[in-house]
Amino acid sequence: MNEVPLPPKPTSASRITLSHIMSAHDTNLLGTVHGGVVMKLVDDAAGAVAGRHSEGPAVTGAMDEMAFLEPVRVGDLLHVKAQVNWTGRSSMEVGVRVMAERWNESGPAQHVASAYLVFVAVDANGMPRAVPEVKPETERDEGRYQEAQIRRTHRLARRRAIMELRDKRAAEGIDD
């Protein structure tokens with residue numbers, strides 16, 4: 001991996017909003033928008049942010065959390081807002097907030113989903129490459145940065161615990 005330090009970037013440098021009108025084609029058997037459709041929009045927005053921040057290709061490494069808070073309906077105008085919350089050497093946590101404007105209501109947009117995704121910047125050979133450090137600009141950005149560090153610590157601890165359990169089971173001759 002390229003170890004040349006890259007200049008840091010502020011959170012605003014790669015922040016985006018992706019907007020999309022939900023159609024009947026997007027619905028599930030209950031008549032609301034399928035969660036997978038929302039997840040794809042979340043991944044698309046997060047990928048754009050990760051690519052913009054890292055100035056090149058980045059791939060989804062994990063979706064740490066996806067919370068659906070309210071149903072999305074046909075006709076809703078979704079605004080998928082994404083930004084880099086935290087960076088490591090080659091990985092980035094992207095936070096995504098999904099807001100819906102109801103087509104038949106004049107009220108404010110409603111928070112319908114949130115997600116945290118981890119992206120890894122890759123080179124032309126698909127190998128991890130260095131990313132610029134993200135610089136929080138506001139107190140809110142600093143809070144997101146700190147929360148992302150907690151999620152990373154938990155993700156790594158969970159991975160370690162699972163690997164230890166699998167090693168133990170293998171040593172006992174238990175085949176998964």
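**Exercise 1.** Which residues does Arg155 touch, not counting residues up to four places away in sequence?

*Solution.* This is a predicted model: local features need pLDDT of at least 70, side-chain atom pairs count only at pLDDT 80 or more, and totals for chains, interfaces and linings use all residues. Residues are numbered from 1 along each chain as its sequence is written, and side-chain values use heavy atoms, without hydrogens and water.

Step 1: locate Arg155 in helix α2. Helices (H or I, at least four residues) and strands (E, at least two) are DSSP runs, numbered from the N terminus.
Step 2: list the contacts, meaning heavy atoms within 4.5 Å. Arg155 touches Asp64 and Val118.
Step 3: check burial. Arg155 has a relative accessible area of 11%. Buried means under 20%, exposed over 50%, partly exposed in between (1.4 Å probe, protein chains only). Arg155 is therefore buried.

**Exercise 2.** Find the order of the five strands in the open sheet.

*Solution.*
Step 1: two strands pair if DSSP finds at least two bridges between them.
Step 2: read off the order, β2-β4-β5-β6-β3, with antiparallel pairing.
Step 3: look at the edges. β2 (16-21) and β3 each have a single partner strand, so one side of each lacks a neighbour in the sheet.
Step 4: take one pair. β5 and β6 are joined over 10 bridges. Val94 stands opposite Leu117 in β6.

**Exercise 3.** Identify what Val38 touches, not counting residues up to four places away in sequence.

*Solution.* The contacts of Val38 are Val33, Met66, Phe68, Val72, Leu78, Val98 and Ala113.
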